[in-house]
Amino acid sequence: DTQPIYCSGCGIQIQTEDKQKLGYAPASALQRDVVICQRCFKLKHYNEVQDVSLTDDDFYKILNTISEKDALVVKIVDVFDFNGSWLTGLNRFAGKNDVFLVGNKVDLLPKLINRNKVTNWLKFSAKQLGLTPKSVALMSTKTGEGVLDVAAEIDRLRGGRDVYIVGCTNVGKSSFINQLIKQFAGDTDQLITTSHFPGTTLDVIDIPLDDGQTMFDTPGIINRHQMAHYVSEAGLKVITPKKEAKPKVYQLNSGQTLFLGGLGRMDFVQGERTSFVCYVSNELSIHRTKYEKANQLYEQHAGTLLTPPDEQQGALEMVKHEFKITDQASDIVYSGLGWITVKGSGLKIEAYAPKGVGVSVRPSIL
Ligand code: GDP
């Protein structure tokens, strides 16, 4: 006999069971005359954009509709976890629309990294993944670096069109939108409204632009390749860098192994003694051991000495990736963890990460 109740802000059906899902409102809110979901409530009263999780289907439905529009697509990625935060298939969803690629969290990269080099690397990597962005920029919504430039570039590139902000969860979409609201909002009550996404029942946040066009913030999705998928909340806190990653240097002979907590492992299989420089969260502990002992160490100590994973999780199923390093300084990138920079020639490396998490090699961005 319970009638469905709909949010008066965005129109989504109200549910009281799952805080992380669309349409959540606390049961007490149902007593009010006007019922709005928690997401709209936060937006209205605190100017805070709250993330909700969607099923893959819902998410791709939203992205699909973008291809039918004439709009600018702003794709945000996390520069500390480029592969893990890449939305595959965006090329298809963007359709003929221009894409502006923005690398966020640039504050986490070592200061000595040349920004142009990072931009070029983003451009190059995007091309390799089949996307040719109209423009590429870096920013940090945390420090504010580059945020206004990105806003100005959006305004230039959109040329009077609507704007869609897309990205998987945790790349900083909400932080970006919230920064924009703070920077540009006069009367924020008037400026921000929630509404239906045209043609779907999913909510998307829209921010009116001064020429009558709209900026849409699409909900994010957890990418299966994100390390976040495989660790507990406490573990995620440990592996997520809070500030610039301090390089940790190890001189290794072949036959030695490094563990990045219990989530990453690097075996130096063959090559002359050389240095390996680790760029990971400063809170993540690194262990050096002998290659022969590595398997046993992992089996016995994953979740305790080698953590995260935590104790309940114990040893994870780790998958091996093999690489040959020629004579170029290279970064072995563990999606969501960071990377190890190594220089040398004829090096043979075996890298392990939890099944599903990507490991790749790129020319060093340093
Ligand atoms: P969303 O899921 O894409 O909307 O991302 P959020 O805006 O919720 O941000 C996800 C996490 O990344 C939060 O813990 C933020 O504090 C953090 N974050 C966002 N932007 C930055 C940034 O520029 N630098 C750093 N270091 N962290 C950031």
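**Group meeting: a hairpin, its sheet and a ligand shell**

Let me begin with a hairpin, that of strands β14 and β15, in which 3 residues lie between the strands and G336 adopts a positive phi near 85 degrees. Strands here are DSSP runs of E with at least two residues, helices are runs of H or I with at least four, and both are numbered from the N terminus.

Two remarks on the source are needed. Residue numbers start from 1 along each chain, following the sequence as written. The model is predicted, so that local features need pLDDT of at least 70 and side-chain atom pairs count only at pLDDT 80 or more, while totals for chains, interfaces and linings use all residues.

I return to the hairpin. Strand β14 covers residues 330-334, and β15 covers residues 338-342. The two pair in the antiparallel sense over 5 bridges; two strands are said to pair if DSSP finds at least two bridges between them. Within this pairing, D331 stands opposite T341 in β15.

What is the sense of the pairing between β14 and β17? It is antiparallel, over 5 bridges, and β17 spans residues 359-363. Two of the partners in β17 may be named: V359 is the bridge partner of Y334, and S360 is that of V333.

These strands belong to an open sheet of 5 strands, in the order β8-β11-β15-β14-β17, with antiparallel pairing. At the edges are β8 (248-252) and β17, each of which pairs on one side only. On average, neighbouring strands of this sheet are turned by 25 degrees against each other, direction ignored. For such angles, axes are lines fitted to C-alpha atoms, for helices over the stretch in contact, and angles run from 0 to 180 degrees between N-to-C directions.

Why is β14 described as largely enclosed by the rest of the structure? The reason is that 5 of its 5 residues are buried. A residue is buried if 20 or more other C-beta atoms lie within 10 Å of its own, exposed if 12 or fewer do, and partly exposed in between, with C-beta atoms placed from the backbone. In a regular strand, side chains alternate between the two faces of the sheet. In β14 both faces are covered: S330, I332 and Y334 are buried on one side, and D331 and V333 on the other.

Next, the ligand. How many residues surround it? There are 17, and the closest are K142, G172, K173, S174 and S175; a residue counts as near a molecule or strand if its C-beta atom, placed from the backbone, lies within 6 Å of it. The shell divides into 2 nonpolar, 10 polar and 5 charged residues. In this division, Ala, Val, Leu, Ile, Met, Phe, Trp, Tyr, Cys and Pro are nonpolar, Asp, Glu, Lys and Arg are charged, and the others, Gly among them, are polar. Helix α6 (residues 173-184) provides the largest share of the shell, 3 residues.

G172 is found in the loop between β4 (162-166) and α6. Is G172 buried or exposed? It counts as buried, because it has 23 C-beta neighbours inside 10 Å. Although G172 and V77 are 95 residues apart along the chain, their C-alpha atoms are separated by 8.2 Å.

Some backbone details deserve attention. Most residues other than glycine have a negative phi, and most peptide bonds are trans. K105, which is not a glycine, has a positive phi of about 70 degrees. K105 lies in the loop between β2 (99-104) and α4 (115-128), and it is buried because 25 other C-beta atoms lie within 10 Å. The peptide bond from T307 to P308 is cis, with omega near -10 degrees. Another cis bond joins P308 and P309, with omega about 10 degrees. P308 lies in the loop between α9 (291-301) and β13 (318-325), and P309 is in the loop between α9 and β13.

Finally, the chain as a whole. The domain assignment, which is automatic or from a database, gives domain 1 (1-46), domain 2 (56-217) and domain 3 (229-363). The centres of domain 1 and domain 3, taken over C-alpha atoms, are separated by 44 Å. In an unreviewed entry, UniProt lists residues 273-365 as "domain: NOA1/YqeH-like C-terminal"; UniProt positions are given in the numbering used here, feature names are shortened, and annotations may be inferred rather than shown by experiment. Over residues 273-365, the chain is 12% helix and 46% strand, with the end C-alpha atoms 22 Å apart.
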